[in-house]
Amino acid sequence: MRVRMDYSKRMIIALAVVAVVLLSSAPVATESDADDTPDRYGTTFGITNSEINEFLEKIFGMNLKELLDSLAKEYIAHDVDCEPFLGCDFALSRDVEHNGGMFIITDRLSGYVYLSNYVMSDGKFPAAGTYEPKEGESTTDFIKRLFTTEATEQHSVNSVLGFSITFDLTVETTIDAASGEVEDVLISICPSVSFSSTGNFTLDLAVDDDGNITSITITYDESNDVSDMYADFQIKLDVDDLKVLGEGTWKCEPVITESVIKAVVSKDMVGGVWELISSQMEEKVNSPMVELLIEIISSSDKKLDLFKTIESLTSNPIPDITFVADAEITDFTDEHGDRYVIIKIARDGGSTVINLPMEGYRITASDILDAIPESVLSKEAREIIELALGIIGWESFDVADITDNPEKQQKIDDIHEMVDEYNKWNEDYEFKLPMVYLVTAIVVAILAVVVAALMWRGRI
Amino acid sequence: MMDLKNMTIEDRNRAVAMWGIAACVFAAAMGWMLMRFGISWSVADLPESDNMVRIIPAYIISEIAMMPIGAKLVDLYGVRKVLIFGPLIFILGSILSIVSLNVEMLIAFRFIEGIGGGLVLGLAFTAVGKYYEADKRNQCHELMTASFAFGSLFAAAIGYFFTSTFNWRAGFIMLALVMMLGLIMAWKLLPEQEGTRKPLDWTNTALVTLLFGVAAYYTQSVNVDYKLLSVESAIVVVVIIALLALVFWHSKRSDDPLIPMGITLFEKKVIILMFLFSMCGLGLIQYYFKVYLTYYEFDIYMASLNFLIMILGAAVPSLIGCKLVMKTGIRPWVTVGAIVVTISLVMTHFLASESTFFFALCLFVFGAGLGMIVTELIISLQSITPKKDMGQHTGNLMAVRMIGILVGNAVVGAYIKEVVQGGYVSEIIDLSASKSILADIGVHIANDLQYMSSALNDGFTVTVLIMAVVTAILAVVAYTLKRFDLENRCDE
């Protein structure tokens with residue numbers, strides 16, 4: 001069964017915001033030991049299949065399988081065998097090195113959410129075709145009608161669905177220990193959303209802007225669909241005048257120059273990214289180059305670098321972007337004795353405050369959710385998510401000192417490595433010489449040899 | 001060639017054979033530009049490599065380096081003997097390119113393909129001089145020039161079509177098949193024609209090949225590996241000058257050198273004019289293409305259609321010019337042609353960015369001017385050249401023409417890059433004033449793309465004005481050619 005993933009790009013943005021919030025709260029150490037052993041902070045958080053079942057039992061009084069069975073009975077009117085599986089693991093880490101008068105701070109958030117489900121059902125199903133809700137009919141009633149009243153044909157359907165989100169964000173900050181100023185920041189962000197569906201039953205949902213289903217198309221052909229949204233951006237920020245180590249309150253006028261090192265995207269991602277950027281703009285930008293770029297990247301199975309492709313089309317690199325800001329920075333110690341650097345950036349009619357703790361830090365779920373714009377996550381959704389996070393024990397994240405905790409370090413490294421492998425697999429292109437071209441080349445070669453031989457012998 | 005009713009069977013066979021050679025020229029010219037459009041996208045199914053930028057130069061360098069040899073071998077062994085080697089090497093290179101497993105292999109095989117392409121191009125224009133008398137070469141030369149123009153001008157669009165519809169490899173299959181068809185047609189119908197059978201001066205051949213190869217390499221590496229005004233650039237130029245001196249020194253001592261020695265002032269002027277017109281005229285064509293793509297619309301097919309307008313502009317003056325040049329001499333054609341090119345370049349400066357209509361009009365006039373110059377220069381030079389030395393003179397002129405195109409390309413490219421990068425003023429995003437940072441970044445990138453389009457256009461329109469001044473001077477030089485080609489015709 002295939003369902004369109006209209007919200008994938010929103011998920012990526014939401015995850016990116018969460019990651020940025022988490023890492024912008026990462027501590028900036030001032031008292032790192034001046035030796036070769038980096039200080040390590042970190043935590044892991046995740047959820048297992050049994051934990052999700054416990055969570056669902058608390059809310060609905062039944063586990064995931066029972067819930068799906070009950071939904072099937074409610075909407076399809078006959079039994080559905082299903083085997084759902086959900087896994088989720090994230091690691092948040094921070095390494096602080098003191099090297100040649102520089103603090104090199106590497107913060108990383110990586111992890112994955114994986115959901116798969118095997119579904120099999122025998123019984124009456126609607127005939128293949130496109131169905132639309134009747135005037136005034138709710139989405140629930142429409143689906144119910146489709147799989148009961150309209151279910152007139154006997155079918156045996158099976159489907160394996162796989163859905164995964166992988167996220168990886170690394171921020172490497174270099175700070176001059178003597179001046180206390182940030183030198184540069186290397187940001188590497190690598191989100192991916194993958195959706196696969198294999199089986200003999202396809203369900204295509206068309207949804208309007210409000211999320212209401214406008215039509216459902218059903219087919220019973222064997223299909224194997226994969227939607228792969230992947231991006232890998234590496235960005236370097238050269239920073240001037242941003243002092244983060246000091247005492248009291250001071251003002252800075254930071255100048256940040258951004259240069260893109262890498263901007264690899266998959267063909268399923270490129271249109272969505274530009275659409276998302278365009279949707280944020282007040283005026284639409286109609287650049288023929290953008291249109292062509294999207295067309296070119298969409299036509300290739302290989303994940304291409306956006307910026308390199310533009311360069312190969314125009315013979316010119318995309319210039320860097322410079323940001324300026326007015327910042328007021330304060331050195332602050334809270335009631336628990338934890339020290340922070342509070343950066344208050346003046347914004348249009350207000351300010352944005354970033355807390356940079358000096359040592360281990362703690363961040364709550366509401367801090368993260370508050371930072372996600374309402375255009376990405378509605379107020380209602382935010383409340384539900386906050387409640388759900390509370391139930392599964394994710395109301396706060398404690399990034400504690402784990403320098404002397406090898407077990408915790410190992411767990412973090414395992415998750416990071418798993419994500420590394422996934423990213424590597426995503427960008428490693430399996431090269432295959434298309435057989436049709438190999439055969440054609442051989443035919444042309446034989447033809448050329450025959451022609452040459454005939455010419456040589458005077459037959460032509 | 002066109003008057004089929006009054007033709008003998010031999011004449012007809014020879015004419016059809018020339019169509020065969022023209023097909024080979026078409027394939028060789030296409031090989032030059034086939035994947036020029038968005039190379040990293042074209043070969044996206046090959047493993048990533050930093051050497052991707054060498055795929056195009058690999059063909060160009062070997063093709064230009066082999067052109068004088070191709071022409072010279074025709075003098076020594078006759079057209080048919082060379083005909084079998086050039087196209088077959090090209091076909092071999094194409095087949096190997098199809099099965100390339102990585103970028104480096106593709107570069108090597110494109111180099112081999114270029115060797116074949118160079119032999120074909122050197123041979124083709126020489127063959128016209130060998131098989132036809134001076135006053136009957138015009139139509140054949142037009143055929144060859146048209147094949148070269150169609151091949152090189154539409155290669156980008158054809159390559160894009162193959163890549164987006166099938167795979168870049170399909171383009172190489174087409175090249176191999178067109179070359180094979182041309183080879184069979186030409187070989188089957190071309191009459192046997194003996195060469196001088198003199199031994200090839202290998203040292204001289206190696207030096208001349210190296211000279212043209214290094215010159216071609218320079219045009220391909222400048223702006224990519226180093227800047228035009230840099231130490232590396234100066235070193236390569238010094239090497240070229242040293243090689244040039246060495247070639248001259250050795251050629252004077254050779255019994256049968258690859259490049260002609262002791263040539264007349266007229267021929268020297270023709271070579272210089274060919275070089276400079278290629279630089280100021282043909283070298284600009286690629287930028288007309290780029291400007292259309294980035295300034296008007298990024299539609300490669302529409303951009304290529306503009307070339308059709310340019311060819312239409314060139315067709316009538318070229319047909320008349322090539323027909324009459326043996327009666328009037330080269331002077332009026334090149335002089336008037338240079339003036340028309342100058343006018344077209346001035347028009348381009350003022351009008352090309354006004355609308356697509358004016359852009360096309362500029363290209364039409366530009367084509368009309370070039371139509372009076374390029375083929376007429378070849379016909380004129382061949383009219384004073386003995387048939388036995390046709391390859392030596394023609395091959396040299398053709399290689400100079402190609403180097404001229406590439407130099408023009410490189411100089412314009414370097415200047416435009418300077419304009420684009422030098423004139424760029426970074427828009428600064430003020431976080432304190434920004435309502436949406438993501439939106440501001442999007443607008444910023446879009447503005448940058450817009451800037452690059454405008455800067456490319458600005459750089460181009462300034463360059464054409466400089467080129468217009470050069471072509472105006474060339475008009476004066478052309479006027480000094482007098483009637484040498486009419487008074488010194490070499491009819492055999």
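## Close-up views of a predicted two-chain model

**View 1. Strand E10 of chain A and its pairing partners.** Ten is the number to look for here: 10 bridges link E10(A) to strand E12 (residues 255–265) of chain A, and the two strands run antiparallel. Within this pair, A:Asp238 faces A:Thr257 of E12(A). As a reminder while you zoom in, this is a predicted model. E10(A), residues 223–240, also runs antiparallel to strand E6 (residues 182–189) of chain A, with six bridges between them. There, A:Ile189 sits opposite A:Phe233 of E10(A). Strand E7 (residues 192–199) of chain A is joined to E10(A) by eight bridges, again antiparallel. A:Ser192 has A:Tyr230 of E10(A) as its bridge partner.

**View 2. Where chain A meets chain B.** The contact draws 53 residues from chain A and 54 residues from chain B. On the chain A side, elements giving two or more residues include helix H5 (267–280), helix H6 (288–298), strand E16 (339–347) and helix H11 (435–456). Which element gives the most to this side? H11(A) does, with 11 residues. By class, the chain A side comprises 33 nonpolar, 12 polar and eight charged residues.

**View 3. A strand pair across the two chains.** E14(A) and strand E1 (residues 428–430) of chain B pair in the parallel sense, over three bridges. Look for A:Val324, which stands opposite B:Asp430 of E1(B).

**View 4. Domains 1 and 3 of chain B.** Chain B is divided into domain 1 (1–198), domain 2 (201–255) and domain 3 (262–422 + 435–492). The centres of domain 1 and domain 3 of chain B, taken over C-alpha atoms, are 22 Å apart. Their contact takes 31 residues from domain 1 and 33 residues from domain 3. On the domain 1 side, helix H3 (55–77), helix H5 (103–131) and helix H6 (138–165) of chain B each supply at least two residues. The largest share of that side, 10 residues, belongs to H6(B). Sorted by class, the domain 1 side holds 16 nonpolar, eight polar and seven charged residues.

**View 5. Helix H12 of chain B and its surroundings.** At 1.5 Å a residue, the 21 residues of H12(B) (residues 331–351) should span 30 Å, and the end C-alpha atoms are 29 Å apart, which agrees. Which residues of H12(B) are buried? Among them are B:Trp333, B:Val334, B:Gly337, B:Val341, B:Leu345 and B:Thr348. The cover over the buried residues of H12(B) includes helix H10 (265–296), helix H11 (300–328), helix H13 (356–371), helix H14 (374–383) and helix H16 (437–479) of chain B.

Definitions and conventions: Residues numbered from 1 in each chain as written. Chains lettered and ligands numbered in written order. Predicted model: local features only at pLDDT ≥ 70, side-chain atom pairs only at ≥ 80, totals over all residues. Helix = DSSP H or I, 4+ residues; strand = E, 2+ residues; numbered from the N terminus. Expected span 1.5 Å × (residues − 1). Buried ≥ 20, exposed ≤ 12 C-beta atoms within 10 Å, placed from the backbone. Contact = placed C-beta atoms within 7 Å. Pairing = 2+ DSSP bridges. Domains from an automatic or database assignment. Nonpolar A, V, L, I, M, F, W, Y, C, P; charged D, E, K, R; others polar.
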